[in-house]
Amino acid sequence: MILYHMSQTLRLGDELIPDYQKNTELAAPFIQALEQSVDCFYGMVLNAKYMYAVLNKFRLREWSDYAKWATEGAFEFVRKTEFPDSYGRMQSNYFCDNLLNCKRFYDYDWGEESEEEQQKVHLFEVEVDDVAPQQRDGSIYDEGYNAMSDAQDVQHVLACARRYFAGEQTPEPVWEIMSDKPARATKDITDYLRKR
């Protein structure tokens, strides 16, 4: 199956590696906390929020987005316990199924970055060895992230995770195509991103 993938590190001919940046270890303690209890998870969230404040004070906050890792942990806990046949967000590669969505994601993620940073991003056609990749609405994940970041609303985050893995969608879905199957970059089509 041909899909599309954006990356700052992938090169033509490379095989995509799920969790390339090894971020699962940042979410794993939050998963472990939920395995104990929601109260344990909430205590960990508040501890991570405090650490974030300390790191922010010393201008190191980019190393500790507690809301992201807590949200990822909550989503993975729900996936493992309630939707075990779904692909895990942290163990999958992400794709778009059309070029318009690629451009939309590019403008959203890198549109405000410097020209130098934008030039690092490449768009590839990717051959994915998966006859049934899974599609989820990333807007529901964003809703969960915002609930964690703004109010540490754990129950709302867990409800978002259930909606996400159940395949529900918002009125304006932002589709994430996920697969943990082998995938290889077969064609560099980065020029499409630079068109205005």
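Predicted model: local features only at pLDDT ≥ 70, side-chain atom pairs only at ≥ 80, totals over all residues.
Close-up 1. C102 is buried, at 1% relative accessibility. C102 takes part in no disulfide. Its nearest cysteine sulfur belongs to C96 and lies 3.9 Å away. For reference, a disulfide is a covalent bond between the sulfur atoms of two cysteines.

**Close-up 2. C160, a buried cysteine.** The relative accessibility of C160 is 0%. Buried means under 20%, so C160 falls in that class.

**Close-up 3. N93 in strand 2.** Strand 2 covers residues 93-95, and N93 sits in this strand. N93 has a relative accessible area of 7% and is therefore buried, the limit being under 20%. Residues up to four places away in sequence are left out of its contact list. The contacts of N93 are L16, I17, P18, I177, M178 and S179.

**Close-up 4. Helix 1 against helix 2.** Helix 1 spans residues 24-36, and helix 2 spans residues 38-57. Their axes come within 5 Å. The crossing angle is roughly 145 degrees. Helix 1 contributes P29, F30, A33, L34 and Q36 to the contact. Helix 2 contributes V38, C40, F41, M44, V45 and A48. By class, the contact residues are ten nonpolar, one polar and no charged.

Notes:
Residues numbered from 1 in each chain as written. Heavy atoms only, no water. Helix = DSSP H or I, 4+ residues; strand = E, 2+ residues; numbered from the N terminus. Buried < 20%, exposed > 50% of the residue type's maximum accessible area, 1.4 Å probe, protein only. Contact = heavy atoms within 4.5 Å. Disulfide = S-S within 2.5 Å. Axes fitted to C-alpha atoms, helices over the stretch in contact; angles between N-to-C directions. Nonpolar A, V, L, I, M, F, W, Y, C, P; charged D, E, K, R; others polar.
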